[in-house]
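Open the model in your viewer and keep the selection tool at hand. Each stop below tells you what to select and what is there.

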Amino acid sequence: MTVAVTQARERSDIAYVLGVYALSRVVVFLVLATALAINPEMGSDGTLAAMCRWDCIWYVELARDGYHPQAQLWASGSAANWAFFPALPMLLNAVHDIFGGDWRFVSVILMQALFLPTLLIFHAYAQEIAPSDDPSFARFATALAAAWPFSIYFSIPMSEAIFLPLSLAALLLARRDYWIAAGLVGAVLSGTRVVGILIAPALLTLAVQRFGWRALLTLRPGTERVILGLAMTGLGLGGFMLYLSHLTGDALGFLHIQVAWMREFKWPWMMLIDDLNPFVEAWDRVGLNLLLASSGVGAALLLVPLWRRRVVFLPEIVLTVLVMAVAATGGRFMSLPRILGVLFPLILGLAFVAETPTGRRRVLIASGVGSVLLMMILFLERTLGLWAELAM
Amino acid sequence: LDYGLNSPCETPVLETGPSTTTNRRGVAGWLMLAATAALALFYLWPLKAALFPDVDEAYRRTFITREFNAYPTSPVFEGKNGLGYTLGTRVVLNAEKPRLILSRYDWRGWEDVGPYMAGMKGRVFLHMENASAILGRSLRLSLGVECNMPRGSRASLIVDVNGTKVGTIPCRRDAVTAHLIVPAGLMGVKTYDQITLTRDPAGFWERLVTRLGLRYDAVSLKHLTITGRP
């Protein structure tokens, strides 16, 4: 293929991703406008601020005011913002320093802007791992990422919105043999959320696939950049732990404060016994928990196409399984869709489900409908009450 | 890429970049290894902070995560971060308000009813004031518990202090005050002492039926007093 043809192809791909991005933003704001028409009350504090809900408020306040010196919030006095990692608040703070304005507005606009590079990285990733006999795979996978049922989490100012591009970038850079850059991105990722550090075992898996255990363990010449890259991934988490240790005396404060959200380590079967038990839970709560738990089953099913291609996708499988293991022992089903829905390997798994143009069109439409439904549930939180927890 | 889906006998192609090793390490390689070693040393710092936190569990659960919240009107448990205990004081754990005010009793299951053990284990943290005065003495630990077990069944509460068993309290559907002897040197050594009550039998079946909510038995700790042994 000549340089001119390659450049033309790249331009065409960028135009395609731009089109997908623009369409996805139009859909998001159309759904938001519809939700506002159904329930005008939700826009009383500003239409854009309607997109800044739940954990978004924590991140915005964290960016503005920093970490709490002690637990003080909620009626229990047991909540503090140590549960939220610093990468997103630091980014928000930096952007706000430059542009100023309302914090929530800035955070929402920033997330919309970030989604474009996210899609571009996703497209590059999909191209990297696309089957050689399937030139349209990358475009289909990118469109699917924008129409992914959980894509709303890529637009809300919460750590999920930066977890996706960073996890993609770290593995993409490593796949292209830029291990130190991958380590740097991994360092930021580990400062993004609890499961961010799980990029380290995924990168390690890739390194072992590429170089083998023996070369890595014996520090064979040529593997130094790999080992350094892997070692760098913990910097974000390590720094945050030191900061919390200095602030509260408890380096694991981000884990211990989870009790304020009723999260404590629990074996998965105990979660099932506790949360799906009609003897102790109301029926609507049991139904809700069942739906939440089903997202875990869905995630496991989407791993099947990747497992069939495990020669290539073992790092992605490792990342997904480890995040699922953390989610399955977190003590509650709440947030399960949010935790699992931002794992890009699952989007790739869905992309492999359909291979024909017709099949892909169907998958895309079904996924897009799911995406719009979940967005609507999110925006109509106050109207739906308990069931809004599906999106939380 | 060839995933090998249709040709399982072929060697899969993995290489997408120049992932090669060489025979000789250059200056850059040595520098990267030095940087890795420096990072490994750096990680010992947060690791140490995690393994040996400045605040211990009692402090953390009381003041950081607020699982044992300070009881603002309590005449006891003052001093030493709100967990100070003076020998001879009777502490009443009042179950009439939600968990926030019930203070210092770790009950599992998140029920906001009172300091009872819906789960199988509960704990009290306290700090002995004038610890040096009691170190050489054995103490008497009086625990008032109230049980509401299913008819025909009995709970035995195993009591341990700082991990050492000091006795058991049998109860059925009644209030019992048990007096247990705490050997000399067991309390007052650590900053915070931990008194743990564990239900026995606490086997699989009991745990399961309790967890499933099939029976609504409860064991409450109502009051405790520690005195010097006469």
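Begin with chain B. Among its contacts between residues at least 6 apart in sequence, 67% join residues at least 24 apart. Bear in mind throughout that this is a predicted model.

Colour chain B by secondary structure. Chain B exposes about 11,900 Å², and 56% of that comes from carbon and sulfur atoms. How many of its residues are buried? Of the 230 residues in chain B, 44% count as buried.

Next, go to the largest nonpolar core. This core holds 131 residues. Select A:Phe137, A:Leu340, A:Phe344, A:Leu348 and A:Phe379, the members that touch the most other members.

Return to chain B for a moment. A second, separate core has 30 residues. Pick out B:Val124, B:Cys147, B:Cys171 and B:Leu186, which are among them.

Now centre on A:Leu348. What does A:Leu348 touch, not counting residues up to four places away in sequence? Show A:Phe122, A:Tyr125, A:Ile129 and A:Phe137. Then show A:Ala141, A:Leu306 and A:Phe313, which complete the list.

Display the second largest pocket, with about 1,100 Å³ of space. Its lining takes in 40 residues, and the closest to its centre are A:Val194, A:Phe254, A:Leu255, A:Gln258 and A:Arg263. Colour the lining by residue class: 26 are nonpolar, 7 polar and 7 charged. Which helices of chain A each supply at least two residues of this lining? Select α2 (55-65), α12 (253-256), α15 (310-328) and α16 (336-341).

Finish at A:Leu166. Find this residue in helix α6 of chain A, residues 160-175. Is A:Leu166 buried or exposed? A:Leu166 counts as buried because its relative accessible area is 17%, under the 20% cut-off. Show its contacts beyond the neighbours within four places in sequence: A:Val185, A:Val188, A:Leu189 and A:Thr192. Last, draw a distance from A:Leu166 to A:Ser151, C-alpha to C-alpha. The two are 15 residues apart in sequence and 16 Å apart in space.

Technical notes. Residues numbered from 1 in each chain as written. Chains lettered and ligands numbered in written order. Predicted model: local features only at pLDDT ≥ 70, side-chain atom pairs only at ≥ 80, totals over all residues. Heavy atoms only, no water. 1 Å grid on protein atoms, 1.4 Å probe; cavity = no way out; pocket = protein on both sides within 12 Å on 5 of 7 lines; lining within 4 Å. Points joined across faces, edges and corners; volume = space filled by probe spheres on them. Helix = DSSP H or I, 4+ residues; strand = E, 2+ residues; numbered from the N terminus. Nonpolar A, V, L, I, M, F, W, Y, C, P; charged D, E, K, R; others polar. Core = buried A, V, L, I, M, F, W, Y, C linked by side-chain atoms within 4.5 Å. Buried < 20%, exposed > 50% of the residue type's maximum accessible area, 1.4 Å probe, protein only. Contact = heavy atoms within 4.5 Å. Areas by Shrake-Rupley, 256 points an atom, 1.4 Å probe, with all protein chains shown as cover.
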